[in-house]
Amino acid sequence: MTYRVPFVRPRDHYRTLKCEVDAAITDTLARGDLVLRQQLRDFEARLAEYVGVKYAVGVASGYHALHLSMLASGIGPGDEVITVAHTFVATVSAIVHCGAIPVLVDVARDHTIDVAALERAITPRTKAIVPVHLNGRACDMDAIMSIARARGLMVIEDAAQALGASFRDRMAGSIGNTGCFSFYPFKALGGIGDGGAITTDDPDLARAAMLLRFNGEDRDSGEYHYHGYTATLDNVQAAVLDVKLRRLPEWLAHRRRIAELYRQRLATLDHLTLPHFPEVSQSDSFQNYVVRSAHRDRLRAHLKEAGVETLVHWPTPLWCHHRLGLRRVRLPETEAICREVLSLPMSSETTENDVEATVEAIHTFVP
Ligand SMILES: *Cc1c(COP(=O)(O)O)cnc(C)c1O
């Protein structure tokens, strides 16, 4: 069905950028620059500068950013890696594909890792923590880094939803040992297909990631250092992303304005919990605008009826997908979130009219 208010507007997005994006693609193709060429190096340099780190390594997806970060960090069979159950499945799959054991803990009210639960989950086999900056909200990185330093653990930030979000004026993805980004088309910085990047200040981790993404091969010497992967960021993707990265600050400002409009127009409804939190350490990038309602499914059906498209990230806790073979856990906040969350329309093309129509439909909902 077509919605009056779609969740995202990819055709409008392309229309506003058509000249620059088309030029980036045809220029790259005309030069014959297809794999690991200048456009990729230029994008990596711009991304590293934006995030505030020394190195950015373009890879095939956000999943690969996580997996290759973990392999570069020496995570392997028998190691425990602590992360949240309330995340996209790729966070956990990357741990499993290293042969390591995902230890899933609960989230706090703001949907990011519960730091006390994280601390309780540490054992002698714990090797790393993967904080997930969900919905564009950074985790409490001061607390996480001080735990990691005290226990000698690696920190791999899942910043796939948080490019441009910050914690105490430090960008998500610049605080742990590595940061992992996704350029899946509907992320705040989206490519024209899959893509991702690893950010780090550590030259050894950056080098390992560059080898792992190209079948373990050192391109200068031809020597193989690992059984690696075919997982570089395509040169054409990099050229397009390099164009789009220049627009990211204005898109993030737009997302923050849309979020503020939702806040102003929905704050009076006591059957809704809005994603605005009192801490001043974080600056959220609003990858998603996620409200909570005890009547989520009825509210979602009501909005659909009114032509407003919403999404649920995610309705079923990961450990309940039995084929994944994850250890059964009881995580009350995660379970409540799965029942209650609803993502409202949010993108760099979401208009004030979209917000108005969405808000009006919510106001006519009878809880
Ligand atoms: C999108 C996403 C990923 C994975 O990114 P892909 O590019 O789709 O592989 C990982 N973690 C989180 C939290 C995400 O939202």
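1. The second largest cavity is lined by Ala 160, Gln 161, Ala 162, Leu 163, Phe 181, Ser 182, Phe 183, Lys 187, Ala 188, Leu 189 and Gln 287. A cavity here is a set of points, on a 1 Å grid over the protein atoms alone, where a 1.4 Å probe fits but cannot get out, and lining residues have an atom within 4 Å of a point. By class, this lining has 7 nonpolar, 3 polar and 1 charged residues, where Asp, Glu, Lys and Arg count as charged, Ala, Val, Leu, Ile, Met, Phe, Trp, Tyr, Cys and Pro as nonpolar, and the others, Gly among them, as polar.

2. This is a predicted model, in which local features need pLDDT of at least 70 and side-chain atom pairs count only at pLDDT 80 or more, while totals for chains, interfaces and linings use all residues. Residues are numbered from 1 along each chain as its sequence is written, and side-chain values use heavy atoms, with hydrogens and water left out.

3. The lining of the largest cavity includes Asp 110, His 111, Arg 137, Asp 284 and Asn 288, and by class it has 5 nonpolar, 4 polar and 3 charged residues. At least three of its lining residues come from each of domain 1 (10-245) and domain 2 (248-363), with bounds taken from an automatic or database domain assignment.

4. Of the 14 residues around the ligand (a heavy atom within 4 Å), Gly 62, Asp 158, Gln 161, Ser 182 and Lys 187 come nearest. A polar side-chain atom of Asp 158 lies 2.8 Å from a ligand nitrogen atom, and a polar side-chain atom of Gln 161 lies 2.8 Å from a ligand oxygen atom.

Note on methods. On a 1 Å grid over the protein atoms alone, a cavity is a set of points where a 1.4 Å probe fits but cannot get out, and a pocket is an open set with protein on both sides within 12 Å along at least five of seven lines; lining residues have an atom within 4 Å of a point. A polar contact is a pair of N or O atoms within 3.5 Å; within protein, one must be able to donate a hydrogen and the other to accept it, and residues adjacent in sequence count only if both atoms are side-chain atoms.
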